[in-house]
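Please open the model in your viewer and keep the selection panel at hand.

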Amino acid sequence: MAAEYGFDTLQIHAGANPDPATGARQVPIYQNTAYVFRDADHAAALFNLQELGYIYSRLTNPTVAALQERVAALEGGVGAVACSSGHAAQIMALFPLMMPGANFVTSNRLYGGSVTQFAQTFKRFGWEARFVDFEDTSAIRKNIDENTKAIFCESIANPGGYITDLDKIGKIADKAKLPLIVDNTSATPYLCRPFEHGATQVVHSTTKYLSGNGTSMGGIVVDSGNFDWTASGKHPSMIESEPAYHGLKFHETFGPLAYTFHGIAIGLRDLGMTAAPMNAFQTLLGIETLSLRMEKHVANAKKVAKYLQGHKAVEYVSYAGLSDNPYARRAKKYTPKGAGALFTFGVKGGYDACVKVVDNVEIFSHVANLGDTRSLIIHSASTTHRQLTDEQRVAAGAGPEVVRVSIGIEDPNDLIADLDQALTKATAKSKRKKK
Ligand SMILES: *Cc1c(COP(=O)(O)O)cnc(C)c1O
């Protein structure tokens, strides 16, 4: 699919040619494990990576391949590897780069699950995550050493819609000859294009906006094809002989597709974090309406955020889509179509009032998720950040008074009315209790 097509065309057509066997217009669900070889020579060529084709669905599947092609097109990348979840995608993104004793420098403003995955579980692989405040660029530079293999951050990050200064981070990565991996989940390629700001790889939890309807777990790693593995020389898996493929060297053999092929031929083959065809299909359906949904998500988020700013029970609203937010200018640069639909606000009355807000909403769902068509709400201090100390919670932007919302695509007036009645009940009750 020609990359010159507009986003709205690509989100429907990229990766979706009529099915060669039947002419089916929509991408068929190839709910299938193995593929018949034409003959022994064909099988040998496939196993040697001399010919591309389908062997076994742990590595490649036509429905999953359509999703990979579509997301690669939307991000402006050369290839993508779909995985079973966003967390799987993060392991898959780092796997070709890391080894025991290696480290990567990561923003400390991350999805809560990513903090745990990076800080705890990666340690068992011998991978060290160095958490840094990405507002402090000298701290990023100081943490890079000869064992550093990558830099990681989110485009729009939790909490309160923090916007990363991608161009600045991209320059640091480029100078250090390191890949910059950007988690673009909260922005989606419709709102932010990290490859235009120095990112070399993008990861997504497709579970969120790309699927959009809360049905399907999934993740994806997209490669820009722009990173020169040979010139960097820091990632042996990408440049040195691979014993499992008769000494094949990925960068030398596959050029800009080296990282994608490594992800499939080594990553999926041996880690097995494969996307299910049914989930890939659901995600493809979701992506067909991505731009329409994101426009509505952003418009609704702005309306609700502005309303909350004027509400007497609300202390503050933290959303880069509001003009007085410290990241509003950055949002205009990196997310020109809108600063996403995820934000936090502080409720007067603290912890107790917040618990009452989440207990009293009717349209908003109290869930640990984001990026659904439905509006979602959570009080981080009593749920996702419950295990942290008070200090850690405040540092993570999840203090006792903070409520996080993921604004859906319902009627914004209904969302406003719902929050108003919940806030009124919550603060009225907490006042009475205090007396
Ligand atoms: C949800 C999420 C993840 C993890 O994705 P799963 O699909 O839940 O494994 C990673 N990063 C961000 C920003 C997310 O929102």
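Begin by selecting Glu 401, which is buried (under 20% relative accessible area with a 1.4 Å probe, protein chains only).

The model is predicted: local features need pLDDT of at least 70 and side-chain atom pairs pLDDT 80 or more, while totals for chains, interfaces and linings use all residues. Residues are numbered from 1 along each chain as its sequence is written, and side-chain values use heavy atoms, with hydrogens and water left out.

Glu 401 sits in the loop between helix H17 (390-395) and strand S14 (402-406); helices (H or I, at least four residues) and strands (E, at least two) are DSSP runs numbered from the N terminus. Display its contacts (heavy atoms within 4.5 Å). Leaving aside residues up to four places away in sequence, Glu 401 touches Tyr 316, Phe 345, Gly 346, Val 347, Gly 350 and Cys 354.

Next, select the open sheet of seven strands, ordered S1-S9-S8-S7-S4-S2-S3 with mixed pairing; two strands pair if DSSP finds at least two bridges between them. Strands S1 (79-83) and S3 (128-132) are at the edges with a single partner strand each, so one side of each lacks a neighbour in the sheet.

Within this sheet, select strand S9 (219-223). Five of the five residues of S9 are buried, so this strand is largely enclosed by the rest of the structure. Gly 219, Val 221 and Asp 223 point one way, and Ile 220 and Val 222 the other. S9 pairs antiparallel with S1 over five bridges, and five bridges also join S9 to S8 in the antiparallel sense. Val 222 is the bridge partner of Ala 80 and also of Val 202.

Move to strands S4 (residues 148-154) and S7 (residues 180-183), which run parallel and are joined by four bridges. Here Phe 152 has Ile 181 of S7 as its bridge partner.

Finally, select helices H3 (residues 62-75) and H13 (residues 277-287), whose axes (lines fitted to C-alpha atoms over the stretch in contact) are 8 Å apart. Their packing angle is about 35 degrees, on a scale from 0 to 180 degrees between N-to-C directions. Residues making the contact include Leu 67 and Val 71 of H3 and Phe 281 and Leu 284 of H13.

How values were computed. Buried means under 20% relative accessible area, exposed over 50%, partly exposed in between (1.4 Å probe, protein chains only). Lys and Arg count as positive and Asp and Glu as negative; His and the chain ends are not counted. A salt bridge is a side-chain nitrogen of Lys or Arg within 4 Å of a carboxyl oxygen of Asp or Glu.
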